[in-house]
Every structure is written in C-alpha cells, then in structure tokens.
Amino acid sequence: MTAIPRETPVPVSAGTNADGLAEDARRERWQMFGLCSPALLLVGLVVFIPVGWLFWLSFFDAQGALTFENYERMWGSRSYIRTFQTTFEISFIVTGACVLMGYPLAYMLSQLPQRAAGICMIFVILPFWTSLLVRTYAWLVLLQRQGLINTWMIDLGIIDEPLRLVHNFTGTVIGMVHILLPFLVLPLFAAMKSIDRDYLKAASNLGASPTRAFWQVFFPLSLPGLFAGVVLVFVLCLGFYVTPALLGGGKTIMWAMRIETSVNLYANWGAASALGVVLLIVTLGLLYVLNKAFRLDKIMAGPR
Amino acid sequence: MGIRDSFGWALGAAAAGAIAVASPALAEDSVTFASWGGSLQEAQRKALMNPAEEALGITIREDTTNGIADVRAQVLANAVKWDITEQGSNTCVILKSEGRIEPLDYSVIDTTGVNPAVVDSHWIGVLYYSTVIGWNTDKFGDDGPQTWADFWDVEKFPGARAMYAKPYYNLEAALMADGVPMDQVYDVLSTDEGLDRAFAKLEEIKPHVAVWWRSGAQSAQLIKDGEVDMISIWNGRISSAIDDGASAALTFNQGVMDFDCLVVPKGAPNKQLAMKVINEFLKADNQANLPQYITYGPTNEAAFDTGKISPEVADAVNSSPQNAKNQLVLKSDFYIGKIDELQERFDEMIQE
C-alpha cells in the first residue's frame with residue numbers, strides 16, 4: 001500500500017543506485033560462476049580434453065608421422081559413404097518414428113489423472129532398468145524367422161512365408177525405436193505437464209474448437225520439449241552400436257560399427273578417431289543448420 | 001605445503017610398500033590367460049588350464065579377448081594385464097610385425113610333436129579350427145550341402161544362408177564354389193582376376209545370405225534357432241550346438257582349416273611363468289584332452305599317439321588325418337598387408 005514503484009525517478013541518487021545494482025549483479029554472476037565451476041571443470045576434464053585428444057590423434061599414422069590418410073581413406077571408399085548414408089537414414093527414420101509414436105503417448109500421459117499417469121509412466125521407464133543387450137536380444141526372439149511374431153502370424157493364417165523382420169534395416173529400426181522412445185517421451189511429457197490448462201480453457205472461451213486450441217495453443221507450447229527429445233534421440237542414434245550389430249544382420253553397418261572395424265584393422269588409433277571426429281563435426285553442423293532453420297534457440301527458450 | 005608434501009609422500013610410500021609386499025606373491029603364483037570365451041574357453045579350462053595349474057602349483061586367472069585391438073590397446077597404454085592370450089593366426093603374424101609381443105623362450109617350451117608349420121619365434125599354434133559347411137537337419141535331413149558349389153546352389157538347396165562378416169574363408173569358399181580345385185585356390189586368389197572372380201561369386205550368393213555373422217556365439221545361435229538353413233561356421237561352435245540339441249549337421253569336406261596361437265603381450269607382468277604355462281598347454285598329454293571337450297584339433301600331433309583320443313572322438317576332430325585330408329589349409333601370407341583393403345571391399349559388398 002505504501003510501496004514506492006521502482007520506476008519512481010530519484011534524480012540525485014540514480015547514478016549511485018545504478019552503480020550499486022550493477023556491482024551486485026556482477027558479484028552475483030561471479031558467485032554463480034563459482035558454484036558452476038566444479039561442474040564446468042568436470043565437463044572440461046571428461047569431455048573437452050579427450051575429444052581434443054581424439055582430434056589430435058586423427059592426424060597421425062601408425063608410425064606417429066603427421067598425415068591426412070585417416071581422412072583421405074573416407075572420401076575414396078564407397079563403403080564409408082554408404083555407411084554414412086545408412087547412419088543418417090536410420091537416425092532420421094528412428095527419430096521420426098519416435099516422434100509419431102511418442103507425441104501421442106506423451107500427450108495422453110499428460111492428460112491422464114496423476115495416479116494413472118504415474119502408473120503408465122512406469123511402463124515407459126521400465127525398459128530403462130533393463131540392459132540394452134537384453135532388450136535387443138528380446139527383439140531377436142520376437143522377430144526372427146521362427147520367432148513369436150512370425151510363428152503366430154503363420155499359425156493364424158495371415159502369412160504363408162515368414163516375414164524378414166530382423167537381420168536387416170527393418171529390424172535395426174524396430175529395435176532402436178523401442179530403446180530410444182523413452183528419451184523422447186520423458187522431456188516431452190515434462191514440457192506438456194508444465195503447460196497451464198487455463199490457456200486451453202481460454203482458447204475455447206474465445207471460440208476455438210478443441211482441434212484448433214490444440215494446434216494453436218498446446219502444440220506450440222510443447223515444442224521445446226519435443227525438440228529437446230528429438231535432439232536427444234537423434235544424437236543417440238548416430239552413435240548406436242549394439243542394436244545394429246545384433247539386429248542388422250551384418251548388412252546394416254552404422255558409423256560406430258565402422259569405428260570398431262577401424263580399431264581392429266589399423267594399427268593406429270588415428271584411423272578410428274578420424275571417424276569419430278567426422279561424425280562429431282557433421283552432427284554439430286547439422287544441429288547448427290537446424291537451429292538456424294527452425295530458430296530452435298527461440299523455441300527452446302520457451303514462453304516468457 | 002610441507003604437511004601436504006609429506007602426506008603425499010607417506011601415501012606414496014604406503015602404496016609402494018603395499019605393491020612391494022603384494023607383487024612377489026602375485027608374480028610367482030599366477031598368470032592371466034585370455035581366450036575366446038564360450039564353449040571354447042570352458043573346454044580349455046578343463047583340458048589345459050586345470051592340468052597346468054596342478055603341474056606348476058599356480059593359479060591361472062581367466063579373461064576373454066575380442067581380438068587384436070585388445071592386445072594393441074594394452075601394449076600401447078603400457079597397461080598389460082594378460083600374460084598369455086590366444087589369437088587367430090593372422091593376428092599373431094601382425095602383432096609380431098608391429099612389435100607388440102614378446103619372443104617365446106624355447107629353452108622352456110618344448111616343441112616335440114608340435115607341427116613345425118605353427119611354430120614361430122614369437123607365437124606358437126595351440127589348436128586347429130575349421131570353417132565348415134553346416135546345415136539344418138530339419139530342412140535337409142542328412143543330405144545337406146556337401147560342397148561349396150552345393151552351398152551356392154539355391155535351386156538344389158533353397159533357403160537362408162549365413163556367412164562370416166569378414167573376407168577370411170569366404171573368398172576361398174567362393175573360388176571353390178566356382179570350380180577352382182582346392183590346391184589351386186591361393187594361386188588363383190593371388191591374382192587380381194582371381195580376386196575379382198571370388199568377389200563376383202560372393203555377389204551371386206549375397207541375396208540369399210540372411211545374416212553375415214560377427215561372432216562365434218552369434219553363429220551358433222543362428223543355427224540353434226533355425227534362423228538360417230545353411231551356414232559357414234567354425235566346427236567347434238556347431239559341434240557344441242549339436243551337443244546342446246540343435247538340429248544340425250556339418251561336413252568337413254572343403255572346410256578351411258586355420259589355427260589359433262598363443263602369444264605373450266610385450267611387457268606382460270609374469271613373462272617367465274607364462275613360458276612355463278605355454279609349455280604345459282602344448283604337452284601332448286594335455287593337448288589330447290582338448291578334443292574330449294570341443295572338436296578343435298591339437299597342434300601337438302603326438303596327442304593322437306597318447307591313446308587318449310578314441311577313434312570316435314578323432315572322427316569329430318577337424319584336424320584328425322581322415323578329416324584334414326578333405327580340407328584347405330588357410331594361407332595367412334595371402335592376407336598379410338592387404339586385410340584392410342579386402343575388408344573394405346567386402347564391407348562394401350555386404351552392405352544393404
């Protein structure tokens with residue numbers, strides 16, 4: 001009641017006040033930085049130093065001489081280019097499938113009553129507690145020629161010949177979508193949960209149909225969570241090893257498998273690290289372009 | 001500062017003391033042996049490791065290897081934890097040329113009876129294994145494919161196939177399927193035209209290869225689960241699968257025989273003892289134990305004279321004279337120096 005609005009001009013002390021505030025802000029920034037520093041130091045130690053070292057190694061051959069051969073090898077070979085294509089093809093398809101399946105799932109979870117959502121969420125998180133290898137083998141049991149799915153479908157008379165569901169591109173995609181789905185659902189669910197239902201009520205109040213209210217109000221507000229999930233899934237896809245190695249039948253070769261081959265084939269780490277460097281740079285480049293194209297920074301910043 | 005320094009020093013001294021106390025006991029009493037795991041290593045535990053432990057009064061600790069990269073990594077990082085490891089014949093040759101393995105001490109290792117072809121200054125063969133044709137008996141009964149030409153014949157033997165995801169054995173098999181006599185395989189393969197011919201032949205079977213397998217365990221699983229009807233597979237793996245009840249059979253005809261060897265990584269902690277253990281592993285009497293547990297053959301041929309290997313067991317062992325005569329012996333020299341190039345060409349071919 002007696003509060004003085006901040007904007008009240010106090011001409012005499014304005015400069016002093018501003019200086020004081022600026023000083024406070026500066027001090028606070030340093031304090032915050034001090035609090036962050038253990039984490040920053042850790043990130044620096046365990047991320048930047050090894051990655052930098054990897055980068056460095058990739059320019060040396062087995063004898064320790066400076067060389068570009070580790071990179072040249074990639075341009076010349078169709079096999080590397082094919083692997084590169086496969087890796088990105090799979091990553092795009094898996095990410096797309098995760099969005100198509102994960103968005104409705106996360107939406108449903110966010111609209112359920114607390115208790116029901118909690119129970120359903122357990123089913124989403126449950127796979128996280130199971131080893132990746134076990135889940136991958138489980139798909140082998142389901143999808144293989146004499147696996148459950150083919151046997152059932154043949155017994156039911158739906159198909160005559162077993163379908164080739166695994167040991168190929170299809171099997172790899174199925175296995176990866178299953179493993180990566182929670183990585184999309186979790187951030188998306190969190191974002192959806194934080195959307196105030198009143199916005200939707202206001203939209204209907206103003207005459208929007210439920211569909212229109214969803215697309216014009218809810219969907220844009222859920223985008224930060226969606227993009228966080230998409231980036232997470234996509235980047236994880238690019239480095240996948242176990243699932244394509246077991247479900248790809250040797251025909252679907254992804255970048256990480258190629259790195260493993262290089263470690264075995266060449267006497268120097270440089271050959272394998274060059275592959276890692278290329279993947280890292282292409283991924284960063286792609287994220288940069290996406291960021292520019294879709295203004296992810298604006299979206300990710302969220303509503304203010 | 002002074003306090004911190006002396007604290008650090010005390011810690012260091014304590015650690016050094018602990019090592020000084022602990023290491024002689026470790027060094028004298030145990031070695032670490034890394035083999036390939038699975039049914040093979042279980043067999044080696046019973047056939048080779050137990051008798052060696054008893055004879056030398058030591059403990060053999062086990063680890064498993066995935067191949068050449070493990071040895072390179074340990075030696076490069078100066079953190080060698082294995083005293084002995086079993087590697088494929090090609091790998092042994094490569095590791096020697098890279099200077100990553102110790103020379104073997106033949107004043108300790110007695111090579112009497114061991115085939116001289118598998119004895120080298122830095123490695124010694126410990127067992128023979130073969131890549132053979134195996135098939136699903138539910139599908140083909142006892143009349144499965146008997147030659148690589150049969151394996152390639154999709155009219156006579158329709159069905160899904162599986163092959164190894166590396167050029168080894170496959171290039172040889174392709175040429176044999178294309179009608180090259182066994183004793184001329186490497187002569188043909190050494191020429192550019194011959195190599196092209198092998199790859200062209202592989203290209204022919206590719207649409208029928210459901211899986212290019214990457215590990216021994218995977219290959220055994222494929223035949224056990226009936227995922228494929230026909231497979232090129234290591235004989236010990238398919239024999240073990242058959243013993244476990246898989247409906248499968250194999251033929252040694254046109255198999256490709258190769259060997260595994262023992263090496264001591266450079267800087268191994270218990271080098272001296274490792275030599276004694278290798279000596280035990282190669283004794284005819286211990287070598288004769290191996291075929292009782294897995295169908296891989298002893299490199300010490302005197303093992304067949306010990307009376308331990310019954311005629312039935314010998315029939316199942318890949319290197320017994322009656323089986324060896326129908327097989328091609330893999331020529332490592334062909335691969336040395338061009339594995340990378342061959343592997344890349346091969347990968348390009350099998351990729352979808």
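Angles under 35 degrees count as roughly parallel, over 145 as roughly antiparallel, 65 to 115 as roughly perpendicular and the rest as oblique. This is a predicted model, in which local features need pLDDT of at least 70, side-chain atom pairs count only at pLDDT 80 or more, and totals for chains, interfaces and linings use all residues. Residues are numbered from 1 along each chain as its sequence is written, and chains are lettered from A and ligands numbered from 1 in the order in which they are written.

Select residues 38-56 of chain B, helix α2, and residues 271-282 of chain B, helix α12 (helices are DSSP runs of H or I, at least four residues, and strands runs of E, at least two, numbered from the N terminus). Their axes lie 9 Å apart at an angle of about 125 degrees (axes are lines fitted to C-alpha atoms, for helices over the stretch in contact, and angles run from 0 to 180 degrees between N-to-C directions). The pair α2(B) and α12(B) is therefore oblique.

Next, show the residues in contact (C-beta atoms, placed from the backbone, within 7 Å). From α2(B) these are L48(B), P51(B), A52(B), A55(B) and L56(B), and from α12(B) they are K276(B), V277(B), E280(B) and F281(B).

Now colour chain B by domain: domain 1 is 2-128 + 260-324, and domain 2 is 129-258 + 326-350 (bounds come from an automatic or database domain assignment). The C-alpha centres of the two domains of chain B are 29 Å apart. Their contact takes 20 residues from domain 1 of chain B and 18 residues from domain 2 of chain B. On the domain 1 side, α2, α4 (89-97), β4 (124-136) and α16 (321-324) of chain B each supply at least two residues. Finish on α4(B), which gives the largest share of that side, four residues.

Conventions:
Contact = placed C-beta atoms within 7 Å.
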